[in-house]
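Try each one before reading its solution.

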Amino acid sequence: MIGDGRANHSADLVVVGAGIIGLGAAYAAARRGQSVIVVDRADAPVGATIRNFGHLCIGAQTGDARRYADLSRDLWLRLAHDAGFWLRESGTLVAARHADEIAVLEHAAADGGIRMLEADELRRLAPLRAEVLVGGAHIETDLQTDPRTAAAAIVRHLAAQGVEFRFRTAVTSVAGRRVGTTRGTITAGAVVVAVNHDVDQLLPELADRAGVERCALDMMRAAVTFRHPLTAPLLTGWSLVRYGRFADSAAAGALRDRLHSERPDLAALDLNQMYTQLPDGTLIIGDSHATSSAPEPFQPEAAFTAFLAEAEALFDMPTPRVLERWQGVYAKAQRDFLIDTVEEGVLVLAATTGIGMTTGLGLAEENLTAAFGWAPAMEGTS
């Protein structure tokens, strides 16, 4: 538990959940001078917020997701400066291995913010095998961080700004701006519920209406030997059929048909073949997707075997040495975001697709401002 040791029984804002959206809500309130208590049943952020690539994929979004992502970008840059964690304005690289992938990229690049790359230039930015490339692109606005260190740094920064964190404390009920917990009841001026897929446990009727399920994904981290570092997160054709800016085009439909026809084994994994290299030089590799109300905890080795085989086919490197494997879980629903005022003063927020890190800070900032009638935060306040 982080705090000053006093057992406060009320706050201007109580945030349920210390993932990136909950942290974004606390950050928005603290910058407006409000008292904030964040309650989480774990002893630190341990969910989807730390189990991802650290890829803030801003330029591949459209619609509401792009608006939240653009706002999040500004907040990420500010938080990285103030909280002192690693973040780079890297953009994102896309490796194209077929003409239909170039067609999808060129269609998206016509709207700006994406620069097409020749194969030789891409290989100077990413240690890829020459024989597999036909070209690529650079998505200019994107950022990269290390999610494990970033989340912890944000908690420390917010605590230093007066936000009280009550870890190892489960919330049992939210009603009438009273938040029941396993360590007593807290009275709130307003409440934000940001518990991701666990909304089905705290507010099951809302979760049922929204169709919230869980998406489980497999990921791994490996020690690699590259001839030079990977300068940005790297996407592939499998990524182009997932992200809205690319996936909605007719060219993406043709690409999807080819990928699924040539590699039904990877399609069965619902693969997003992508990579990020951390400051220590290790490579995050993934990921597969499986949706269920209660995903199996068992991770088939076939997914990890496929990850390694695809990485070795793409990168000019010796066989990677696997250091870690893990399962991530995030909320998934028909719509990309769950935004619901379940009663006056109680706002529920979730990114119900796999872009919570990209959009979460902006999602919280915009919707708290709208729901609670807040004025914009003053410039220069933390």
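Two residues are in contact when they have heavy atoms within 4.5 Å. Keep in mind that the model is predicted.

**Exercise 1.** Find what share of the contacts with a separation of 6 or more comes from residues 24 or more positions apart in the protein chain.

*Solution.* Take the contacts in the protein chain with a separation of 6 or more; residues 24 or more positions apart account for 76% of them.

**Exercise 2.** Describe the protein chain as a whole: its secondary structure, its box and its buried share.

*Solution.* Begin with the elements: there are 13 helices and 20 strands. Along the principal axes, the C-alpha atoms fill a box of roughly 65 × 40 × 40 Å. Finally, 55% of the 382 residues count as buried.

**Exercise 3.** Work out how helix H1 packs with helix H5, and which residues meet there.

*Solution.* Start with the geometry: H1 (residues 20-30) and H5 (residues 147-160) pack at about 25°, and their axes are 11 Å apart. Angles under 35 degrees count as roughly parallel, so H1 is roughly parallel to H5. The crossing of H1 past H5 is left-handed. Now list the side that H1 brings: Ile20, Leu23, Ala26 and Tyr27, which meet Ala151, Ile154, Val155 and Leu158 of H5. Sorted by class, this contact has 8 nonpolar residues, with no polar and no charged ones.

Technical notes: Residues are numbered from 1 along each chain as its sequence is written. This is a predicted model: local features need pLDDT of at least 70, side-chain atom pairs count only at pLDDT 80 or more; totals for chains, interfaces and linings use all residues. Side-chain values use heavy atoms; hydrogens and water are left out. Axes are lines fitted to C-alpha atoms, for helices over the stretch in contact, and angles run from 0 to 180 degrees between N-to-C directions. Helices (H or I, at least four residues) and strands (E, at least two) are DSSP runs, numbered from the N terminus. Angles under 35 degrees count as roughly parallel, over 145 as roughly antiparallel, 65 to 115 as roughly perpendicular and the rest as oblique. A crossing is left-handed if the near helix is turned anticlockwise from the far one by less than a right angle, and right-handed if clockwise. Ala, Val, Leu, Ile, Met, Phe, Trp, Tyr, Cys and Pro count as nonpolar, Asp, Glu, Lys and Arg as charged, and the others, Gly among them, as polar. Buried means under 20% relative accessible area, exposed over 50%, partly exposed in between (1.4 Å probe, protein chains only).
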